[in-house]
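Please look over the model below with this note beside you.

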Amino acid sequence: MKLILLGAPGAGKGTVAKMLTELDGSVQISTGDILRGAVQAGTELGKQAEAFMKAGDLVPDELIMGIMESRLQEPDCDKGFLLDGFPRTIPQADALKELLAKLNIELDMAVNIDVPRDVILDRLTTRRTCSNTDCQAIYNVKSNPPKQEGVCDMCGSPVVQREDETEEAISHRLETYNEKTAPLIGFYDKEGLLITSDATSSDAVINLIKEKLGL
Ligand code: AMP
């Protein structure tokens with residue numbers, strides 16, 4: 001399947017993407033995970049992205065399109081992909097449309113995961129993430145804690161609170177979402193690709209996607 005997952009930070013895009021990869025071998029492509037990996041590895045990309053990310057601002061479109069142009073041409077994308085956290089702006093969506101046309105790739109749909117703000121705030125402040133950039137498993141101190149406190153079940157690395165998940169950075173990220181990313185809902189609606197899920201459970205979102213894809 002070839003999907004875009006839209007939704008505010010904390011809507012569950014990453015969790016849903018990880019679950020969908022198990023259905024048909026499609027790969028999750030999270031620009032946030034790629035950028036955090038680059039920051040930790042100290043690459044040129046990481047150096048350019050770090051300050052934006054810490055502040056909860058978006059990384060410039062050109063950097064993101066540079067990442068995506070090569071990522072979408074890697075062979076593991078042949079089975080399908082789940083775009084998680086990309087596109088994030090109208091210029092990125094325009095550039096993606098052009099890139100997909102050039103690569104002869106057709107999207108199945110864009111799924112808008114619409115979760116109430118109070119649920120999002122609660123989730124983001126209680127979310128914890130595996131610090132190993134090759135893993136980045138997601139936990140929640142209330143609803144899904146690791147078996148051993150602070151230790152990732154999957155790889156044994158420390159589970160931490162992300163630097164951009166302080167209350168201040170979270171509220172800034174949500175403002176940025178409303179201003180820059182929410183307009184993509186109208187964009188994909190016009191393209192005839194939009195479906196919206198207002199369920200808060202990831203299982204319900206997956207079921208809706210399966211139903212729409214006829215799986
Ligand atoms: P995420 O893990 O998707 O919440 O992304 C974490 C941070 O990475 C965001 O707050 C942005 O600073 C940056 N980022 C991730 N994806 C994008 C994107 N498509 N465009 C611009 N910045 C991004």
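**Notes on the ligand site, cysteines and core**

1. Helix α2 (residues 31-41) contributes the most to the shell around the ligand, with four residues. Helices here are DSSP runs of H or I with at least four residues, strands are runs of E with at least two, and both are numbered from the N terminus.

2. First, the ground rules. This model is predicted; local features need pLDDT of at least 70, side-chain atom pairs count only at pLDDT 80 or more, and totals for chains, interfaces and linings use all residues. Residues are numbered from 1 along each chain as its sequence is written, and side-chain values use heavy atoms, with hydrogens and water left out.

3. How many residues surround the ligand? There are 16, and the closest are T31, R36, D57, G85 and Q92. By class, the shell has six nonpolar, four polar and six charged residues. Asp, Glu, Lys and Arg count as charged; Ala, Val, Leu, Ile, Met, Phe, Trp, Tyr, Cys and Pro count as nonpolar; the others, Gly among them, are polar.

4. Now the ligand's nitrogen atoms. One is 2.8 Å from a side-chain N or O atom of T31. A ligand nitrogen is 2.9 Å from a side-chain N or O atom of Q92. G85 uses its backbone: an N or O atom there lies 3.0 Å from a ligand nitrogen. The protein covers 96% of the 480 Å² of accessible area that the ligand has on its own (Shrake-Rupley method, 1.4 Å probe).

5. Take T31 again. It sits in helix α2. T31 is buried, at 3% relative accessible area (buried means under 20%, exposed over 50%, partly exposed in between; 1.4 Å probe, protein chains only). Its side chain also reaches the backbone oxygen of G85, at 3.0 Å.

6. Which disulfides are there? The count is zero (a disulfide is a pair of cysteine sulfur atoms within 2.5 Å). C152 is in no disulfide either; the nearest cysteine sulfur, that of C130, is 3.8 Å away. C152 is buried, at 3% relative accessible area.

7. The largest nonpolar core has 29 residues. Such a core is a set of buried Ala, Val, Leu, Ile, Met, Phe, Trp, Tyr and Cys residues joined through side-chain atoms within 4.5 Å. Residues with the most contacts inside it include I4, L72 and Y188. Helix α4 gives the most to this core, with five residues.

Technical notes:
A residue is near a molecule or strand if one of its heavy atoms lies within 4 Å of it. A polar contact is a pair of N or O atoms within 3.5 Å; within protein, one must be able to donate a hydrogen and the other to accept it, and residues adjacent in sequence count only if both atoms are side-chain atoms.
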